[in-house]
Amino acid sequence: MQDEQRLVQQAQQGDKEAFARLYEGHFDKIYRYMFLRVGDRGEAEDMTQQVFLKALQSIPDFRWKGTPVSAWLFRIAHNLVIDYWRKEKKRATIPLDESVAGTGMNPELMAEYRLDIRQLVLATKRLTEAQREVIGLRFAGGLSVAEVAEAMGKSQGAVKALQHSAIVALRKALSAGEG
Amino acid sequence: MNKRREFDDILDECLERLLVKGETMEQCLESYPEQAAELRLLLSTAADTKEALAIEPRPEFKARARYQLLSALNELKPKRWLPFFLSWKPQWATALALFLALLLAGGGTVAAAGSSMPDTLLYPVKLATEQVQLVLTPSSLGKAGLYARLADKRVEEIAYLVDSGQPEEIEPTAQRLENLLGLMAALPLAENGESKVMLAPGPTPAPPPPAAESGKDVRAPSNQRAKLKLLLERYAVDQPAVLRAALDRVPEAVKPTLRRLITESESSYEKTIATLD
């Protein structure tokens, strides 16, 4: 945490290398979160880039209050997801099968994971927004309960309860998908 | 209620042990035999979820994203370089200052900035305007043309710096030129590989044009590709020629930079044009 605080301070003073290190440390997690939340590789890639470019714009105003950088980055990511789905509602919905099938992974990874991801993205559609967010932050983003609580503006107890209900709902949705 | 809360805590502890600390599910279930049946189902769903999400970004995307971020970083001015009134807090003061500036200068500021040179006050406005142009250009073909035109501006600025007796000042412009050429050459322009590429988003990302709204790749009309190719072929000759002409007018210390730019320019255009064939 102290290392991260130092990196943030250096980045705020214009140290490009410090910002690049923050970027490297969180890039893959943000990408996984975006993939789960939007279910489309191309969109997930664009939006992952947007998260870091927005972070770059706003890092001078970031105030260190012990909040992990990850919580701040995922809050930016969450806002982009909300914007995305608001716009998507106005458009024709992309068929999920088609969008997930275009994951663009290398064939080995695709053979191993494609079905799981497809099922998972479909199953999360049956969850509430808050449940989807918890699953995204905990399992795709790899955040701790404390970090999720910070990112979502909830208490840790509320996040644990939400996590419980989300996993139950996800299990039901996956079971329904199998049948 | 308390029992529910207790189970939420147990589930969370087991998730940490299973997913973070690498313990097995059985180890956790042994710790809580009374809740084992319910825990087993939930932990197994959590483990499946985690495994399904073990995806990695494509290496080429990751490389491109890093390059674009570094490019955006290079375009940033350190905060201390801003005039006092722009770095002053609170934020409404900045907004007020900008509002007054626009009120006084009007749209003419941006227009005037378009032809400004690196040694003028309006040059940062010119660079910022270019970033906005890039954000508003979602297609790869459009971006390629824009990168090439912006590269042409940088070449023009280098020639200006040399002509006005400031050859030692060309390094920042040279770096910007290299970034633009690198970004152009990295674009996926092959007919079956062109995809929507977003660069630096503004606070609210610009909506893509209708053809790109499906989120799928956009196949550009062949005449657009042909026009772009013509443009690039022209710049591929003109830009290195301008840089070569400047070589004779700079001190020895600056020559390696110009030679590097000439090589970079030639190879970037060659590579980009080849992907359009």
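Is A44(A) buried or exposed, and how many other C-beta atoms lie within 10 Å? A44(A) is buried, because 23 other C-beta atoms lie within 10 Å, where buried stands for 20 or more such atoms, exposed for 12 or fewer and partly exposed for anything in between, with C-beta atoms placed from the backbone.

This is a predicted model, in which local features need pLDDT of at least 70 and side-chain atom pairs count only at pLDDT 80 or more, while totals for chains, interfaces and linings use all residues. Residues are numbered from 1 along each chain as its sequence is written, and chains are lettered from A and ligands numbered from 1 in the order in which they are written.

Chain A holds nine helices and zero strands, counted as DSSP runs (H or I, at least four residues, for helices; E, at least two, for strands) and numbered from the N terminus. Of its 179 residues, 43% count as buried. Among contacts in chain A between residues at least 6 apart in sequence, 66% join residues at least 24 apart, a contact being a pair of C-beta atoms, placed from the backbone, within 7 Å.

A44(A) belongs to helix α3, residues 41-58. Its C-alpha lies 8.4 Å from that of Y33(A), eleven residues away in sequence.

|---|---|
| A44(A) | Y31(A), M34(A), F35(A), V38(A) |
| V148(A) | V134(A), L137(A), R138(A), L143(A), V159(A) |

**The nonpolar cores**

A nonpolar core is a set of buried Ala, Val, Leu, Ile, Met, Phe, Trp, Tyr and Cys residues joined through C-beta atoms within 7 Å. The largest has 63 residues, among which M34(A), A77(A) and V148(A) touch the most other members. Helix α2 of chain A (residues 16-38) gives this core its largest share, eleven residues. A second, separate core of 27 residues includes V162(B), L177(B), Y235(B) and V254(B).

**The pair α7(A) and α8(A)**

The axes of helix α7 (residues 129-140) and helix α8 (residues 145-152) of chain A come within 10 Å and cross at roughly 135°; axes are lines fitted to C-alpha atoms, for helices over the stretch in contact, with angles from 0 to 180 degrees between N-to-C directions. That makes α7(A) oblique to α8(A), since angles under 35 degrees count as roughly parallel, over 145 as roughly antiparallel, 65 to 115 as roughly perpendicular and the rest as oblique. In this contact, E133(A), V134(A), L137(A) and R138(A) of α7(A) meet V148(A), A151(A) and M152(A) of α8(A).

Methods: Contact = placed C-beta atoms within 7 Å. Lists of a residue's contacts leave out its neighbours within four places in sequence.
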